[in-house]
Amino acid sequence: MTLLVIIIILAFIFDYINGFHDAANSIATIVSTKVLTPFQAVLWAAVFNFAAFFIAKYVIGEFKVANSVASSVFEQFITLKVIFCGLVAAITWNLFTWWLGIPSSSSHTLIGGFIGAAVTSAGTLDVINYHKVLPIVYFIVLAPLIGMLVAFIITIIIVNICRKANPFRAENWFKRLQLASSAALSLGHGSNDAQKVMGIIAAAMVAAGYIPNIKEMPDWIPLACFTCIALGTMSGGWKIVKTMGTRITKVTPLEGVAAETSGAITLFLTEHLGIPASTTHVITGAIMGVGATKRLSAVRWGVTVSLLWAWVLTIPISGLLAALTYLIASIFI
């Protein structure tokens with residue numbers, strides 16, 4: 001019982017960290033275009049992060065992403081110690097990348113930690129449910145590509161429609177539209193990312209024998225998870241905002257609308273498919289897509305290559321951290 005309580009507390013801490021680590025995903029473009037101040041932007045994003053609970057609960061009617069996370073390891077290999085070590089590793093990597101200002105994926109951090117601890121515990125790779133894990137791995141590549149392609153198309157369409165518009169009036173309209181597009185992105189971010197932690201807590205409660213399966217998860221779990229990620233978003237993540245909002249490419253209000261709309265579409269698609277995609281990967285790809293419409297050199301490809309390395313290494317490094325944590329924890333637990 002004590003370990004279960006510790007796991008739930010750690011899960012909420014991770015969810016909170018996820019919020020301020022990924023706040024930049026929702027607010028980077030709206031801050032860089034000066035549509036909102038940083039404080040206004042994080043408050044705006046936090047409100048819609050929390051509102052995503054009601055859409056997932058009452059509109060979609062199920063938490064597919066949570067189920068995918070909980071099912072990434074076969075149930076018979078899931079123990080409280082495995083979940084505990086996975087969470088400790090995920091929190092460590094998230095804080096480290098936040099400190100360095102690297103927009104890594106909290107989704108992949110958590111899944112990598114979960115799998116790494118389970119593999120160490122069982123001593124075999126047979127613990128991995130490849131049917132659930134492989135689509136997640138594929139979307140490390142597919143999510144930013146989809147975001148980039150959709151953003152590129154949306155930008156081209158908007159530019160052609162507004163070709164004869166008054167530039168000053170058009171910019172004012174796009175600043176207003178950015179409020180809607182950033183809200184949609186925050187809804188997608190909240191819904192996708194809060195569900196990861198829900199899946200971990202539900203898996204812990206199943207392992208402890210408190211619920212028979214994830215579908216019997218009590219309502220306080222999703223409500224608490226969406227609250228934590230919203231509070232985390234309100235705390236901001238200014239180092240990552242700088243990377244996302246200015247270092248990849250300079251973004252105008254028009255391009256901000258295109259990038260955020262593309263990100264929202266991609267996140268809603270992955271949620272529909274039940275794939276815990278990275279909000280970081282999606283919005284980075286979208287920002288690259290709008291930058292590429294001007295000219296390929298408008299995108300700082302050196303920055304994106306560095307980010308790509310962080311994305312690729314996140315799951316294995318989190319897995320190794322979880323394995324080390326498990327070996328240390330085995331001495332005391």
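Biologist: What does the accessible surface of the chain come to, and what share belongs to carbon and sulfur atoms?

Modeller: The accessible surface is about 13,900 Å², and carbon and sulfur atoms hold 71% of that. Accessible areas come from the Shrake-Rupley method with a 1.4 Å probe, and for residues only the protein chains shown count as cover. Keep in mind that this is a predicted model: local features need pLDDT of at least 70 and side-chain atom pairs count only at pLDDT 80 or more, while totals for chains, interfaces and linings use all residues. Residues are numbered from 1 along each chain as its sequence is written, and side-chain values use heavy atoms, with hydrogens and water left out.

Biologist: OK. How many helices and strands are there?

Modeller: The chain has 12 helices and 0 strands.

Biologist: What share of the contacts joins residues at least 24 apart?

Modeller: 88%, taken among contacts between residues at least 6 apart in sequence. A contact here means heavy atoms within 4.5 Å.

Biologist: Let's switch to helix packing. At what angle do α7 and α8 cross?

Modeller: Roughly 135°, and the axes of α7 (residues 167-207) and α8 (residues 220-235) come within 9 Å. Axes are lines fitted to C-alpha atoms, for helices over the stretch in contact, and angles run from 0 to 180 degrees between N-to-C directions. So α7 is oblique to α8. On the cut-offs, under 35 degrees is roughly parallel, over 145 roughly antiparallel, 65 to 115 roughly perpendicular and the rest oblique.

Biologist: Left-handed or right-handed?

Modeller: The α7 and α8 crossing is right-handed. A crossing is right-handed if the near helix is turned clockwise from the far one by less than a right angle, and left-handed if anticlockwise.

Biologist: Which residues make that contact?

Modeller: From α7 they include His189, Gly190, Val197 and Ile201, and from α8 they include Trp220, Cys225 and Phe226. By class, the contact has 11 nonpolar, 4 polar and 1 charged residues. Ala, Val, Leu, Ile, Met, Phe, Trp, Tyr, Cys and Pro count as nonpolar, Asp, Glu, Lys and Arg as charged, and the others, Gly among them, as polar.

Biologist: How does α5 pack on α7?

Modeller: α5 (residues 106-122) sits at about 15° to α7, with the axes 10 Å apart. That makes α5 roughly parallel to α7, and the crossing is left-handed. Ser106, Ser107, Leu110 and Phe114 of α5 meet Asp193, Lys196, Val197 and Ile200 of α7.

Biologist: Back to Ile201. Is it buried or exposed?

Modeller: Ile201 counts as buried because its relative accessibility is 0%. Beyond its neighbours within four places in sequence, Ile201 is in contact with Ile8, Ala11, Phe12, Ile221 and Cys225.

Biologist: And what does Gly190 touch?

Modeller: Asn49, Ala52 and Phe226, leaving aside neighbours within four places in sequence. Gly190 is in α7 and is buried at 0% relative accessibility.

Biologist: Last one: where is Thr270?

Modeller: Thr270 is in α10 (residues 253-273). Not counting residues up to four places away in sequence, Thr270 touches Phe139, Asn192, Ile275 and Ala277.

Note on methods: Helices (H or I, at least four residues) and strands (E, at least two) are DSSP runs, numbered from the N terminus. Buried means under 20% relative accessible area, exposed over 50%, partly exposed in between (1.4 Å probe, protein chains only).
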